[in-house]
Amino acid sequence: MSILIWILHNFWALLVVLLLMLVGLRIAWRFQKYGLNRAELSYVLRRSPFYLVVLTFCFFAAAPFLIMFMHSFKTDGDLYRRPQPFVFRQDPTLEHLDALFNNTAYLDFIRNSVLVGIAVVVITLLLSLPAAYALARLTGPWGERAGILMFLVYLVPPTLLFIPMFRIVVLLGLKDSPLSLIVVYPTFTIPFSMWLLSGFFKAVPPELEEAALVDGYNRVEAFLRVVLPLSLPGIISTIVFTFTLTLHEFIYGLVFIADTSQRTLSVGVPTELILGDVYFWQPLLAAALIIAIPVGLAYNLFLDSLVQGFTMGAVKG
Amino acid sequence: MYRFSLPAFPLDNRRLVGALFLAPALLYMLLLVGFPFVLAIAFGFSDVTVGNTDLNFVGLRNYLAVWENDIFRQVFETTIRFTLVSQVFILIFANILAIIFTQDFTGKWFARFIFILPWATPVSLAMIGWLWMLDTKYSPVDYLLLQTGFLGPNGILSNNRNLFWLATPDLSQISVIFVQVWRMTPLATVILMAGLSSIPTDILDQAEVDGSRFMRTLLQIKLPLILPIMVIALLFSMITMFGDMTVVYVLTRGGPVDYTRVLGLYSFQVGIEGGNLAQGAAISLFAFPLLLAMAIFMLRTASRAEVR
């Protein structure tokens with residue numbers, strides 16, 4: 001605990017020191033490997049503008065998240081009395097994090113988001129795995145047309161559909177229930193994952209399926225036993241991105257569900273942690289950051305795979 | 001040689017299996033996108049409200065009322081302006097970043113994590129961060145400007161201690177555009193990265209053998225080759241942006257006055273908050289022809305470029 005306080009008190013200094021240390025170590029490592037000579041020095045100098053550009057972009061991308069991190073630990077007195085956003089004048093506190101988890105519906109939001117996400121992923125996979133395979137291998141020109149149609153449907157924004165969707169949800173008696181989101185979210189996750197998956201399926205060599213067919217498998221078996229296992233990494237990355245798509249969705253969640261305990265993260269946090277004009281800033285910022293970090297890590301882990309699927313799906317499609 | 005063959009087993013029939021595989025997904029989409037879409041058009045021609053669920057035909061009344069509404073005109077203009085202006089910056093930054101991130105360098109993994117965060121974070125949550133960054137009174141940005149002499153008494157930008165990022169007409173629009181660029185650049189970058197990584201390496205190797213320098217390879221080989229992908233990236237981010245209401249919902253609720261009100265938000269405010277479903281539907285439908293035209297135009301450009 002006291003270590004956390006010390007880190008937060010010296011947050012910016014530590015950040016700069018850490019950065020300089022990493023840069024210094026990297027350069028030292030180069031010199032050690034290639035010797036400290038003129039060519040090396042000029043290489044390091046030539047390379048540094050590139051890193052400066054990267055650092056600048058990173059700074060702009062990260063700024064709000066750094067602020068979120070710091071402010072999650074500020075006491076009310078420190079936060080509101082004469083703004084001094086970059087230092088702690090009072091010791092950092094964990095009381096707001098504690099309040100976020102114990103006094104608000106944050107855990108409910110997480111639970112709802114996870115449940116909705118998992119259900120949507122299951123529905124999406126059941127429908128889009130075969131459909132994507134059909135697009136990749138089985139159908140001719142009309143299948144391609146169906147694929148383009150799907151792509152266009154993906155581009156229809158929720159802002160165009162939420163009003164009639166709202167009526168349908170009310171008619172089905174699903175208002176205020178996460179079930180409504182489970183039914184509606186696949187409308188954008190299916191086209192997205194079909195597109196991505198068909199990219200991954202195209203990357204499987206057709207000869208393998210032909211061999212399976214010769215061995216006496218039928219088409220369906222060939223798909224289940226040969227193509228699916230081979231594209232497992234692609235399927236996993238599709239699951240990750242489908243899940244995060246549902247995590248991101250805002251408009252349907254806002255319109256369909258008015259009951260606090262049933263809301264999802266993206267809607268619940270900005271609407272329920274703000275009471276009228278009263279913003280509970282520290283819990284708000286913490287709530288956002290706690291979700292941002294794991295999703296960011298997941299995106300980074302699966303980014304190469306996404307790029308690959310996208311390339312196969314779009315470029316060679 | 002004559003071969004006697006049994007009638008093909010249905011599960012071996014390529015086209016039959018293809019149709020069977022595709023059908024459930026298509027059906028789902030037809031039911032849950034096609035039907036609501038038709039319903040949206042029907043709503044536009046009716047007088048349905050949240051309280052009164054009867055659909056009475058009222059002709060073009062809603063559309064005419066919307067079209068003659070000054071607020072709608074302004075909202076429509078704002079939406080288009082936001083979309084176009086932000087795309088310029090997104091394309092510039094995305095191109096630079098895509099080139100950076102298709103190269104190898106130390107710390108790439110971590111840099112990519114940081115740079116992807118704005119896109120990975122659910123929009124509404126990232127906007128909470130910006131709401132604080134651009135706060136009227138406590139904005140850390142203002143604080144930095146104050147310390148560096150840009151604000152405060154004798155400040156270069158203003159004599160005030162704050163700039164009121166989200167509360168003045170011009171600045172609120174600039175803020176919204178900035179935040180949109182901030183959150184959408186990574187998406188465009190990733191699409192461009194896909195384009196760059198799909199360039200056959202033998203072309204690049206040949207260029208290197210021929211002595212082509214970095215800039216020349218970039219301008220004369222890479223950029224022309226990824227032009228179709230750039231169009232797709234543009235399509236994606238334009239349509240996402242055009243249909244977005246989350247950013248302004250959290251940041252400004254359309255204020256000050258109407259300066260940052262966009263189409264999606266207006267439709268939400270009239271249709272759901274105001275309870276006039278018919279007019280809300282009519283408002284959002286005005287976006288459709290524009291979206292369709294954009295999509296068709298860009299898909300055509302992309303496919304034509306591919307043929308060449």
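You will find R253(B) in the loop between helix 11 (246-251) and helix 12 (263-273) of chain B. Although R253(B) is not a glycine, its phi is positive, at about 55°. Do keep in mind that this is a predicted model.

D176(A) sits in the loop between helix 8 (158-171) and helix 9 (178-184) of chain A. D176(A) is not a glycine either, and its phi is positive, near 70°. D176(A) counts as partly exposed because 16 other C-beta atoms lie within 10 Å, and a residue needs 20 or more to be buried.

| Residue | Phi | Other C-beta atoms within 10 Å |
|---|---|---|
| D176(A) | near 70° | 16 atoms |

Now for chain A as a whole. Its secondary structure consists of 16 helices and 2 strands. The C-alpha trace of chain A spans about 70 × 65 × 30 Å along its principal axes. The radius of gyration of chain A is 25 Å, whereas a compact globule of 317 residues would have one near 20 Å. Buried residues make up 44% of the 317 in chain A. Among contacts in chain A with a separation of 6 or more, 76% join residues 24 or more positions apart.

Finally, the meeting of the two chains. Here 77 residues of chain A are in contact with 73 residues of chain B. On the chain A side, helix 16 (residues 281-315) gives the most, with 18 residues. That side of chain A has 62 nonpolar, 12 polar and 3 charged residues.

Note on methods: Residues are numbered from 1 along each chain as its sequence is written. Chains are lettered from A and ligands numbered from 1 in the order in which they are written. This is a predicted model: local features need pLDDT of at least 70, side-chain atom pairs count only at pLDDT 80 or more; totals for chains, interfaces and linings use all residues. Two residues are in contact if their C-beta atoms, placed from the backbone, lie within 7 Å. Helices (H or I, at least four residues) and strands (E, at least two) are DSSP runs, numbered from the N terminus. Ala, Val, Leu, Ile, Met, Phe, Trp, Tyr, Cys and Pro count as nonpolar, Asp, Glu, Lys and Arg as charged, and the others, Gly among them, as polar. The radius of gyration is taken over C-alpha atoms; the globule rule is 2.2 Å times the number of residues to the power 0.38. A residue is buried if 20 or more other C-beta atoms lie within 10 Å of its own, exposed if 12 or fewer, and partly exposed in between; C-beta atoms are placed from the backbone.
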